[in-house]
Amino acid sequence: MRRVWKSDLTRTKPKTLIPDFPNLTRVTHTRTPLQGPLNIASLIGLFSDKQAELEELRGKASLLRDELVGSSDDAGKVVRVLEEKGETFFRTYSNGSAFVELLKQLSSWPSVALQVLNWRRKQTDNSIPMTSEEYAKGISLAGRTKNIDLAVELFTEAANKSIKTASTYNALMGAYMCNGYAEKCQALFRDLKSATSCSPTIVTYNILISVFGRLMLVEHMEATFREIQHLDLSPNLSTYNNLLAGYVTGWMWNRVEDIIRMMKENKVQPNINTHLLMLRGYAHSGNLQKMEETYDKVKCHVNDKEIPLIRAMICAYCRSSITNRIEKISALMKLIPENEYRPWLNVLLIKLYAQEDWVEEMDSSINEAFEHKTCVTTIRVMRSIIATYFRCNAVDRLASFVKRAEHGGWHLCRSLYHCKMVMYASQKRLEEMESVLNEMEDSNFCRTKKTFWILYKAYSTWDQRHKVEQVRGLMCKNGYGDPCDVLPS
């Protein structure tokens, strides 16, 4: 589905959109030399202590999360839980890590997370000031819940307290990006460039790349990546994933391969998101070999959580000409739950089975379409169905389909009725053939020259001389000429 952005960005000239980075200076970090001897044992002990502290923090946050979620139906009870246990928890970790970890664990319960955020903001009056990371986490939460006004309010609140850091800027830029405010995102980036207290980071540029990629502004996306290289910043996995997403969205398959090669050269290990982007790209481009290789790497994840990608793979097989495509499609279709029905996929399968003359499977897909009240409105699909019934000499199936199509609002065409007439005639079912003429009239299809020719051929084949003469007379009367003058002697 095409994204709709709340922006006039796509109507602007490209040169005005290429990021202007001349005033940026690279931030350098000086290291203080380690004092005294340092051995491997002390390093291991240091990391072990940090890991133990982190696990302890996560455990405490998990307990508080469970209690908050259990009280989520009562706002007053949530506040009481926070007053009894939250305040002490947050005071213990004055750097804000407790609040950040709690919001992270509440990501599946955004309404509870917002209650925690509102309560936390009120605690600043009780000498528990919020840190920049806490504000950044709150801004990100507001962005995910599509509450841009709250995100801006939090950013402004932090700025008024002289808390202006790259993390708060990045959080608000990310909120703008996720909600389609591309121009505001760029305006905030320009504000960050002019700030004296902080500078853009690789995260900042990753957000810009994502913004341009979503808008399919590939030139600007590439200009941003060149600026990263010019500033000698180190692209990370998110950088490459955002570039991949932009190229996949723009259907630029050669560039997708370039990014994958670049990741290998720079020894950047792909993650699950990378493989999912590659899978989507290969499916859309019809590169079945690489699509299947990538699918094998992430099969369990895709089968459980990525139904849209399964549909993309089915489409890729439908467009292909491999001999066993139906078997592969059938295996993938079994992975799609019943509540994930899509009309367009149903119609695509009807057309596929029709092309392959798989009448049973085609009928099954047609039945599914009628059950879901799906209407086929394209003449090409209807003619594929007709041709399949004709090739398989399944006139009774065709007759049943026509009746259901008439009542189901499907796109009717004269070919449906002509095909029925020809098939009835081939089986010497002349009375049923003639009844089709009434069906045509009921569906507002007049008789054409082809209609009379079908009748003439049928009566001639089965030696119905009287009716042959009747048809000849009607053809002459309607200005279609005498068929005897056309047929060879």
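**A pocket, a core and a helix**

Helix H17 (325-333), helix H18 (343-355) and helix H19 (359-371) each contribute at least two residues to the lining of the second largest pocket, helices being DSSP runs of H or I with at least four residues, numbered from the N terminus. This is a predicted model, in which local features need pLDDT of at least 70 and side-chain atom pairs count only at pLDDT 80 or more, while totals for chains, interfaces and linings use all residues. Residues are numbered from 1 along each chain as its sequence is written, and side-chain values use heavy atoms, with hydrogens and water left out.

The second largest pocket has a volume of about 500 Å³. Of its 19 lining residues, Met333, Tyr341, Leu349, Ser365 and Glu368 are the closest to the centre. H19 gives the most to this lining, with five residues.

Beyond its neighbours within four places in sequence, Leu68 is in contact (heavy atoms within 4.5 Å) with Val78, Val81, Leu82, Leu102, Leu106, Val112 and Val116.

Helix H24 (residues 449-461) is also worth a look. Its buried residues (under 20% relative accessible area, 1.4 Å probe, protein chains only) include Thr451, Phe452, Trp453, Ile454, Leu455, Tyr456, Ala458 and Tyr459. Just after H24, Asp463 takes a positive phi of about 55°.

Conventions:
1 Å grid on protein atoms, 1.4 Å probe; cavity = no way out; pocket = protein on both sides within 12 Å on 5 of 7 lines; lining within 4 Å. Points joined across faces, edges and corners; volume = space filled by probe spheres on them. Expected span 1.5 Å × (residues − 1). Buried < 20%, exposed > 50% of the residue type's maximum accessible area, 1.4 Å probe, protein only.
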